[in-house]
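The following exercises concern a predicted model. Please work through each task before reading its solution.

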Amino acid sequence: MITVKFSRRALCMGDDVNNGVYRIKMADGASLGDLMEVILHGGSGNGWPVPQTSEIGWVIYANIGKIADVSHDKKRIVCYVDEKMQLSALGIAWTFGERQGKEPDMTWLARLFAE
């Protein structure tokens with residue numbers, strides 16, 4: 001079993017109620033594409049997937065850098081790393097969903113996921 005921590009930017013104060021660090025549990029042979037599906041739709045321990053709102057897209061960052069763009073409304077997942085690569089080979093420990101057009105503070109993220 002592989003555990004990947006996940007959080008994302010809240011859209012508003014009401015959305016912020018569920019803000020936290022979630023632990024996504026994936027099978028040993030899970031791929032990056034499998035993880036992106038869980039980030040987009042929830043499940044496997046992710047109770048706070050990226051929202052289905054207007055045309056806001058999400059950029060998914062990880063401890064290894066920018067890994068994907070996802071969007072419910074545009075019905076897409078675009079991985080910057082081969083989506084078939086196994087998570088175990090990529091070394092992804094945490095992921096963070098940031099709204100398109102914004103860039104997270106990676107130092108802050110490292111502290112957030114260190115806990």
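**Exercise 1.** Locate P104 relative to strand 6 and helix 4, and determine whether P104 is buried or exposed.

*Solution.* Step 1: strand 6 covers residues 94–99 and helix 4 covers 106–114; P104 belongs to the loop between them. Step 2: the relative accessibility of P104 is 7%. Step 3: buried means under 20% relative accessible area, so P104 counts as buried.

**Exercise 2.** Identify the residues that P104 contacts beyond its neighbours within four places in sequence, and state the C-alpha separation of P104 and R9.

*Solution.* Step 1: with those neighbours set aside, the contacts of P104 are Y61, F96, E98 and L109. Step 2: R9 is 95 residues away from P104 along the chain, and their C-alpha atoms are separated by 9.1 Å.

**Exercise 3.** Classify the accessibility of D34 and name the surface patch to which D34 contributes.

*Solution.* Step 1: D34 is located in helix 2. Step 2: its relative accessibility is 38%, so D34 counts as partly exposed. Step 3: together with E37, D82 and E83, D34 forms a negative surface patch.

Terms used:
Residues are numbered from 1 along each chain as its sequence is written. This is a predicted model: local features need pLDDT of at least 70, side-chain atom pairs count only at pLDDT 80 or more; totals for chains, interfaces and linings use all residues. Side-chain values use heavy atoms; hydrogens and water are left out. Patches are made of residues with over 30% relative accessible area and no salt bridge: like charges are joined within 9 Å, nonpolar side chains (Val, Leu, Ile, Met, Phe, Trp, Tyr) within 5 Å. Accessible areas come from the Shrake-Rupley method with a 1.4 Å probe; for residues, only the protein chains shown count as cover. A salt bridge is a side-chain nitrogen of Lys or Arg within 4 Å of a carboxyl oxygen of Asp or Glu. Lys and Arg count as positive and Asp and Glu as negative; His and the chain ends are not counted. The place of a charge is taken as NZ of Lys, CZ of Arg, CG of Asp or CD of Glu. Helices (H or I, at least four residues) and strands (E, at least two) are DSSP runs, numbered from the N terminus. Buried means under 20% relative accessible area, exposed over 50%, partly exposed in between (1.4 Å probe, protein chains only). Contact means heavy atoms within 4.5 Å.
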